[in-house]
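Follow the chain on screen as you read.

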Amino acid sequence: MRPAEPRNTRRVGRGAKLDTLLSRIRACRACASEFGHEPRPVVQATTETRLLICGQAPGRRVHESGLPFDDPSGDRLRQWLGLDRDAFYTDPRICVAPMAFCFPGTNPKGGDYPPPPRCAALWRRSLLACLPKVELTLLVGGYAQRWALQHASGRSMTAIVRAWRVHSPAVIPLPHPSWRSTVWLRRNPWFEEELAPHLRNRIAAILGGAATPHHPAS
């Protein structure tokens, strides 16, 4: 019988594998010919990840700064999570891995283009395999939900989020926290009353500490 590897050896091995994968992701230019700008993959991950946040794709401001959710939608998301900006970017237990790592460009008709599916096909399963300690995955927006919840195909984002108890505690679907969600939040008060408090308490239990009070957007 082959003896088990020492635990520290396994940690080093997983860390090196993830570091190599992240280097490859950040160097990826698979969609360069389809963009009107130089690709800049944005991803935040460590082998210590407990909280995995899956959005859709970086916006222009994130493309420029290189920080995930470094925009007003990120401010709203952090309010939902009960996390301050410093913890969001420095806690090694928090991973941000959108469905596409690069800003896809702005649609002249309004908003950004959807995340190119090629990105998830190239990288997503390999990245998730390097994150063995994930306790909670947040599916932020319809693209992440349709990819991860195959049985939810054809259902609206609202229906998926409203049925969040079906997927909890390992997975919680969320609306995208962009300014467009303001009207949605007013029409769906159950989100602030039921899901948001549960979400903050769940994250506090995983990361430690008390949940930060949330003040709903007006």
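Start at phenylalanine 69, which sits in the loop between α2 and α3. Helices here are DSSP runs of H or I with at least four residues, strands are runs of E with at least two, and both are numbered from the N terminus. Phenylalanine 69 has a positive phi of about 55°, although it is not a glycine. Most residues other than glycine have a negative phi, and most peptide bonds are trans. Phenylalanine 69 counts as buried because its relative accessibility is 11%. Buried means under 20% relative accessible area, exposed means over 50%, and partly exposed lies in between, with a 1.4 Å probe and protein chains only.

A word on the basis of all this. The model is predicted, so local features need pLDDT of at least 70 and side-chain atom pairs count only at pLDDT 80 or more, while totals for chains, interfaces and linings use all residues. Residues are numbered from 1 along each chain as its sequence is written, and side-chain values use heavy atoms, with hydrogens and water left out.

Aspartate 70 is buried, at a relative accessible area of 12%. What does aspartate 70 touch, not counting residues up to four places away in sequence? The list is Arg61, Val62, Ser65, Arg85 and Tyr89. Contact means heavy atoms within 4.5 Å.

Now step back to the whole protein. There are 10 helices and four strands. Along the sequence they follow the pattern α-β-α-α-α-β-α-β-α-α-α-β-α-α. Of the 218 residues, 49% are buried. Among contacts with a separation of 6 or more, 70% join residues 24 or more positions apart.

The four strands form an open sheet with parallel pairing, in the order β2-β1-β3-β4. Neighbouring strands are turned by 15° against each other on average, direction ignored. The axes are lines fitted to C-alpha atoms, for helices over the stretch in contact, and angles run from 0 to 180 degrees between N-to-C directions. Strands of a sheet pair through backbone hydrogen bonds, either parallel or antiparallel. Two strands count as paired if DSSP finds at least two bridges between them.

Strand β3 (residues 136-140) pairs with β4 in the parallel sense, over four bridges. Threonine 137 has valine 171 of β4 as its bridge partner. Leucine 138 stands opposite isoleucine 172 in β4. In a regular strand the side chains alternate between the two faces of the sheet. Both faces of β4 are covered. Val171 and Pro173 are buried on one side, and Ile172 and Leu174 are buried on the other.

Proline 169 lies in the loop between α8 (164-167) and β4. The peptide bond from serine 168 to proline 169 is cis, with omega near 10°.

Another loop joins β2 and α5 (117-129), and glycine 111 is found there. Glycine 111 is partly exposed, with a relative accessible area of 22%. Leaving aside neighbours within four places in sequence, glycine 111 contacts Thr106 and Arg180. The C-alpha atoms of glycine 111 and glycine 59 are separated by 9.4 Å, and the two residues are 52 apart along the chain.

Helix α10 (residues 190-207) has 18 residues and should span 26 Å at 1.5 Å a residue. The expected span is 1.5 Å times one less than the number of residues. The end C-alpha atoms of α10 are 25 Å apart, which agrees. Yet α10 bends by about 30° at alanine 196, and proline 197 follows within four residues. A bend is the angle between axes fitted to the seven residues ending at a residue and the seven starting there. The buried residues of α10 include Trp190, Phe191, Leu199 and Ile203. After α10 comes glycine 208, with a positive phi near 90°.

Finally, the cysteines. How many disulfides does a search of the whole structure find? It finds zero, with a disulfide taken as a pair of cysteine sulfur atoms within 2.5 Å. The sulfur of cysteine 28 is 6.5 Å from the closest cysteine sulfur, in cysteine 31, so it is too far for a bond. Cysteine 95 is in no disulfide either, as the nearest cysteine sulfur, that of cysteine 54, is 7.1 Å away. Cysteine 28 is buried, at 17% relative accessibility. Cysteine 95 is buried too, at 0% relative accessible area.
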